[in-house]
Amino acid sequence: MFDTHDKTGRKTASPFDLTGHVAWITGSGSGIGTAIARLFAAANATVVLHGLNQHETTEALRAEIEEKGGRAHALDGDLTCADTVAGMCDEIQRELGGLSILINCAGGSPHKSTIADMAEDAWDHVIEKNLKSVFLTSRAAIPLLKQARNPAIVNVSSCVTRSGGVPGGAAYATAKGGIDVLTRALAKELAPDGIRVNAVAPGLVDSPFHAVDAKERYAHLIERIPLSRIGEPEDLAGPTLFLASAAAAYVTGEIIEVSGGTRLVS
């Protein structure tokens, strides 16, 4: 699927071929994370699936990938707990021999409230779920990535870092803004080790992230999207694969917006 040919007609490996790579995709139990896991498996990576209390879901995805000839391993645990994250990295090293790609996709917006009315623990929960988790997984993964061939980190940010987010979404927007800064800071810090760090920033996406029917709830926003449709999880998988692959070997510290052109009108 990912083979190409040179000018003489000889088969050559595609720069998007992830053969030999082990890719850990956090939050791959649903939505964007699941789509990324499926595409990375199709690109020949060994994928490490992850969810929080999603054993059945990630095991089903693992079985699906392996039935199609891919390779997958499933983990489950809280990414806001440093000991849990360290244990996951130990398991990846023990079971798969290392890690070369980290996709930080886990997150969510479980509490929506104005700043004036937001409880301190609700704020902390959103920040920990979306930002602290990226810090902990990245920190734990760095020793493994330093030993890998062509290592990369791709974080999943959001377009809300430009707009400030939906009403009541200040904590989530703040956490994603932190991911943007952390992406650039890590890119600088890890460049001497050959580890590239980039991010994708989704616009409005139809996924389980939304507790409501996004197409109905945000119809007024969809009308303003230049490509005239809501995003699908699969729309994020391709740009993420690009940033993780050899095709982006000279790209680091960048944040690619994947929003159907929303940036053109907002």
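This is a predicted model: local features need pLDDT of at least 70, side-chain atom pairs count only at pLDDT 80 or more; totals for chains, interfaces and linings use all residues.
Figure 1. Helix H6 comprises residues 170–190.

**Figure 2. Buried residues of helix H6 and the elements they pack against.** The buried positions in H6 are Ala171, Tyr172, Ala173, Ala175, Lys176, Gly178, Ile179, Asp180, Thr183, Leu186, Ala187 and Leu190.

**Figure 3. Packing of helix H1 with helix H9.** The axes of H1 (residues 31–42) and H9 (residues 233–244) are 8 Å apart and form an angle of about 55°. The two helices, H1 and H9, are therefore oblique to each other, and H1 passes H9 in a right-handed crossing. On the H1 side, the contact is formed by Gly31, Ile32, Ala35, Ile36, Leu39 and Phe40. These residues meet Pro233, Glu234, Leu236, Ala237, Gly238, Thr240, Leu241 and Ala244 of H9. The residues of this contact between H1 and H9 comprise 10 nonpolar, 3 polar and 1 charged.

**Figure 4. Ile222 in helix H8.** Ile222 lies in helix H8, which covers residues 219–222. Ile222 has a relative accessibility of 15% and therefore counts as buried, the cut-off being under 20%. From C-alpha to C-alpha, Ile222 and Asp17 are 34 Å apart in space, and in sequence they are 205 residues apart.

Technical notes:
Residues are numbered from 1 along each chain as its sequence is written. Side-chain values use heavy atoms; hydrogens and water are left out. Axes are lines fitted to C-alpha atoms, for helices over the stretch in contact, and angles run from 0 to 180 degrees between N-to-C directions. Helices (H or I, at least four residues) and strands (E, at least two) are DSSP runs, numbered from the N terminus. Angles under 35 degrees count as roughly parallel, over 145 as roughly antiparallel, 65 to 115 as roughly perpendicular and the rest as oblique. A crossing is left-handed if the near helix is turned anticlockwise from the far one by less than a right angle, and right-handed if clockwise. Contact means heavy atoms within 4.5 Å. Ala, Val, Leu, Ile, Met, Phe, Trp, Tyr, Cys and Pro count as nonpolar, Asp, Glu, Lys and Arg as charged, and the others, Gly among them, as polar. The expected span of a helix is 1.5 Å times one less than its number of residues. Buried means under 20% relative accessible area, exposed over 50%, partly exposed in between (1.4 Å probe, protein chains only).
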